[in-house]
Amino acid sequence: MAPYIGRIKSVGWQCTEAAMEATNHATEGDLLKGEDGTEAGAAPSQTEQKKKSFKEVLGFAKLTHWRTAVFFFSLFLCLMIVFAFSFVLPCPVRPQYVSEWNRTFSQAATYDFLAIEDTGKDKVRDILFVLKDTEGSQNNTCADEGLPSPCVFLIAVDGTDGETLWERPLAPEFHWAQCGLDEDTDRTWDCLVSHSDQLTAVDKYTGVVRWRQPRPPGLSSAVPVLSVTDLDGDKVHDVAVVASGTTQTQLVFLSGKTGTQIGSVVDLDSTKADKHLFHYTSKYSYYLLLQTETGLYGLALWRIAAKAKAGMERGLKKDNRWESKANATSGLVPIYESDSVRHVLRTRKMDNPANLLLVTGKEVVLIDGKNLQMQWRFNTSTVLREPSFGYFNKDDLLDVVVEEGIGNNTKRVIILDGRSGGVLWRVNLLDSPNSPQPASIYTTNSFSIFMFWGMMPSETNSSVLSTSDRHSYMLHPLYSKVVLESTNVMDHIITFKATLLEHGRHACYILLTGLGKEGAEGTVVLRKRKLKQDIPESRVLRIDTSGSPETVEDIKVVFNRLRFSDD
């Protein structure tokens, strides 16, 4: 036993010495360790790496929580601001329309004048018309204004419900009126009225008279009034009034600010001009177009201004292409020579320049407004009324609607292609008395809905019609084999317009009816009717022998789904 015990003691001493030696080595190596307890230059252990990465993740998590809190706080603050302003700032109120309204005036007279303007500053178009009566609808009498009775009232009514917005009594008799003269100008008035021996400028928003001037002596002027650039240097656009006598045509410039005459009266032509029109070329040179017994001619505004007052032509541009064709003596530019020009129309106001559509006793002609070249001709000898425009196909060119008389009280409604003059669509109707000219309203689908008047030949055995036989028709270009027929107003129509009462909304038509001729005393009715209101009561008539696969209900659904737009 003793040897074994001695051996054990020897091993124990060896272990104790080894431990002490290890302790001494560790104490010496402490000087070579880093601050984190690892030796310099030695890679950290796996355990230490896990501890370190855990600390980093924990710090990032704390940062992510702060970011989330800041994000939700910002979102909450934004929502609070939106809700606060939604109560402070009122939401726009959309106008509430009455689908159909009538205004009746007994023992009154009216005239062929109807303007569609926003007079209430609510972005809804309103209606202006002229009435001759002893008393207005707002208890304004002629005597209150010191005028003879009956007098003339220029009246503006709300497009939504027909209520009177304002009315302006004027001295009789009424000659003509034109509104829309404030567009792109600095003038404070919109409507110019010729009545008695006076010219009166009226503010369309209030009915206030901005200026009133005696009519230039010896001038029996006519519309259209021409809006011209500032000629007298008062920074307000001026106007030009054209008058045609039995032997000559004259023009006078009036200040847009005060109505005073600028310069002298200018003799334009030695012959009478039946009608006139204002036109500007691609060089922004302005021309007055004169429709005479020998054709259509143009006269530069700078020439007229120079005759009215020396030096007043400065600042007015010239178009060398047009001037190269001018007569050396008169300055007249021949546009189209014919002894039977009946109508001259500009195709579209915003085009630069607009083309010119002419109707003569033999043909319908389209003239290029830039180079005066004829684009196309359609032969016809019996155009009944002034043509109108609309988009039948989707080529972004205005097509032309013509009513052609074919005998036996029958007319042919033709839609001509604006590009080529070819026939796109046609139908024969009995020509009812007192039928207005065709109209159209543009849609969001890049075509127009057409509206015209008459009666289908199959619906009567007589070729002599009365106003009770008059119907209105609507045509959809994509369903051109059918039309919608509506039994419409039976009264004598003085004037008619189809329009939108709001930007892209509320397509309707306006009718002003009275006795057999304008100015005759009787019952006058102004009515507005929404276009789609006619659809449920309309008849679907098939005008093509090949028929249309759509049912009556399908056609009416298509019309009801139409969305309209400004052209």
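# Reading rings, core and sheets

User: How should I read relative accessibility, and what does tyrosine 286 count as?

Analyst: At 30% relative accessibility, tyrosine 286 counts as partly exposed, the class between buried (under 20% relative accessible area) and exposed (over 50%), with a 1.4 Å probe and protein chains only. Tyrosine 280 counts as buried, because its relative accessibility is 19%. This is a predicted model, in which local features need pLDDT of at least 70 and side-chain atom pairs count only at pLDDT 80 or more, while totals for chains, interfaces and linings use all residues. Residues are numbered from 1 along each chain as its sequence is written, and side-chain values use heavy atoms, with hydrogens and water left out.

User: How are the rings of tyrosine 280 and tyrosine 286 placed relative to each other?

Analyst: Rings of Phe, Tyr and Trp (its six-membered ring) pair if their centres lie within 6.5 Å, and the pair is stacked with planes under 30 degrees apart, edge-to-face over 60 and tilted otherwise. The count by this rule is 14 aromatic pairs. In one of them, the ring centres of tyrosine 280 and tyrosine 286 are 6.0 Å apart and the planes stand at 55°, so the pair is tilted. Both tyrosines belong to one aromatic cluster, made of Phe278, Tyr280, Tyr284 and Tyr286.

User: Where do charged side chains sit over rings?

Analyst: The test asks for NZ of Lys or CZ of Arg within 6 Å of the ring centre and within 35 degrees of the ring normal. Lysine 121 lies over the face of tyrosine 205, 4.8 Å from the ring centre, and the charged end of arginine 187 sits over the ring of tryptophan 189, at 5.2 Å from its centre.

User: Which residues touch the most other members of the largest nonpolar core?

Analyst: A nonpolar core is a set of buried Ala, Val, Leu, Ile, Met, Phe, Trp, Tyr and Cys residues joined through side-chain atoms within 4.5 Å. The largest one has 41 residues, of which Leu251, Phe253, Leu268, Leu288, Leu289, Ile304 and Ile335 touch the most other members. Its largest share, five residues, comes from helix α3 (residues 301-308), where helices (H or I, at least four residues) and strands (E, at least two) are DSSP runs numbered from the N terminus. Leaving aside residues up to four places away in sequence, leucine 268 touches Thr249, Gln250, Leu251, Leu288, Leu290, Leu299 and Ile304, a contact being heavy atoms within 4.5 Å.

User: In what order do the strands of the open sheet run, and what packs on it?

Analyst: Strands pair if DSSP finds at least two bridges between them. Here four strands form an open sheet in the order β9-β10-β11-β12, with antiparallel pairing. Because β9 (221-228) and β12 (261-269) stand at the edges with a single partner strand each, one side of each is left without a neighbour in the sheet. The twist averages 25° from one strand to the next. Strand β11 (residues 249-254) is joined to β12 by five bridges, and glutamine 250 stands opposite aspartate 267 in β12. Helix α3 packs on the sheet, touching β9, β11 and β12, and its direction makes about 120° with that of β12, angles running from 0 to 180 degrees between N-to-C directions of lines fitted to C-alpha atoms, for helices over the stretch in contact.

User: Why is strand β31 described as largely enclosed?

Analyst: Seven of the nine residues of β31 (residues 522-530) are buried, so the rest of the structure largely encloses this strand. Alanine 108 has glycine 522 as its bridge partner in β31, and isoleucine 510 has lysine 528.
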